[in-house]
Amino acid sequence: MLPHQASILEGNSKEGLLNEAKHLAALVCCMDPDPALKPCGKCLHCRQLEKETYPYWFTIMPRGAANTIQIGQVRELQAALMSKAGEGQWKVAVFLEAERLREEAQNCLLKILEEPPEETLLLLLTGKPQNLLPTVRSRCRILRFHFERPAPEPEEIELVLDVLQAIQKRGYYSVFEKAAFIEGSRKKRLSTFFDGLEYVLRNALIRNLCAGKGYSTDRGKASLASLCEALDRVWHAGYLAERNVNALLILENLFLHIKKLDIRVDPMEGGCMN
């Protein structure tokens, strides 16, 4: 890896991206004298990076009620990066959920990207690089990773199926009832409910495609279109939740669309049908 290089690490797993960031950092920080053996995984620096105790490892993450990375954090990093590291050591700045950088913070970051201090590695971890300013993206190398996502816990799947069944059977009454229940029981981890709902909808979509549905009849086409639209609605709901939009309103709007799309539970397969 070239010195002073900044990279955007794009992927669908925060933990996976962090591990990749540690690996990239170890490539330049490893103490093994043989370049072919870097990272060795055994030297002091490699071990410190794995535990995030490396003395020049800087983690920048969203904070505050708005859950964003603010300009003050970037300025603090800028000052920290100006300090001189030990001989042969690199400074590593890792932005977790870099898509949450406020616009003014990104503009401040440009100064670091354009004139990075010596022996400094800047790594922006994100699942949504499109949320970064074009001026930021153009100054970084983009590395894309895909990680296998673990299936949601069985209780999350059961909760999703219960919500879909209730909306199917009891209509608009259950839309608001279930929205209030999920908001109350999952507010602090709403993303786990969205993961479960996405999992169920994806499985239904794959099942329809594998069965050859969606091509020969109007009803089949509507089924696939409805499932795709429902997935889009789930992703948008997750986007709004990340920005601290009122959780109850997000859920009510999402469940109203599911009711409108007529997404129903297939009790025999534990999935969805139209």
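**Salt bridges and helix packing**

Trainee: Which residue forms a salt bridge with Arg-139, and what separates the closest N and O atoms?

Mentor: Arg-139 forms a salt bridge with Glu-114, and the closest N and O atoms are 3.1 Å apart. Side chains of opposite charge can pair when their charged atoms come close. The term salt bridge requires a side-chain nitrogen of Lys or Arg within 4 Å of a carboxyl oxygen of Asp or Glu. This is a predicted model, in which local features need pLDDT of at least 70 and side-chain atom pairs count only at pLDDT 80 or more, while totals for chains, interfaces and linings use all residues. Residues are numbered from 1 along each chain as its sequence is written, and side-chain values use heavy atoms, leaving out hydrogens and water.

Trainee: Where do Arg-139 and Glu-114 lie in the chain?

Mentor: Arg-139 is in the loop between α5 (134-137) and β5 (141-144), and Glu-114 is in helix α4 (residues 103-114); the pair links distant parts of the chain, 25 residues apart. Helices (H or I, at least four residues) and strands (E, at least two) are DSSP runs, numbered from the N terminus.

Trainee: Is Lys-178 buried or exposed?

Mentor: Buried means under 20% relative accessible area, exposed over 50%, and partly exposed in between, with a 1.4 Å probe and protein chains only. Lys-178 counts as buried because its relative accessibility is 14%. Asp-162, at 34%, is partly exposed. Their side chains meet in a salt bridge (2.8 Å, N to O). Lys-178 is in helix α7 (residues 172-186) and Asp-162 in helix α6 (residues 154-170), 16 residues apart.

Trainee: How many salt bridges does the structure hold?

Mentor: The structure holds 11. A network of salt bridges links Lys-14, Glu-97 and Arg-100.

Trainee: At what angle do helix α8 and helix α10 pack?

Mentor: Axes are lines fitted to C-alpha atoms, for helices over the stretch in contact, and angles run from 0 to 180 degrees between N-to-C directions. Angles under 35 degrees count as roughly parallel, over 145 as roughly antiparallel, 65 to 115 as roughly perpendicular and the rest as oblique. Helix α8 (residues 190-210) and helix α10 (residues 247-261) pack at about 10 degrees, with axes 12 Å apart. α8 and α10 are therefore roughly parallel to each other. Contact (heavy atoms within 4.5 Å) involves residues including Phe-193 and Leu-197 of α8, and Leu-251 and Phe-255 of α10.

Trainee: What is the angle for helix α1 and helix α2?

Mentor: The axes of α1 (residues 14-29) and α2 (residues 44-51) cross at roughly 160 degrees and come within 9 Å. α1 and α2 are therefore roughly antiparallel to each other.
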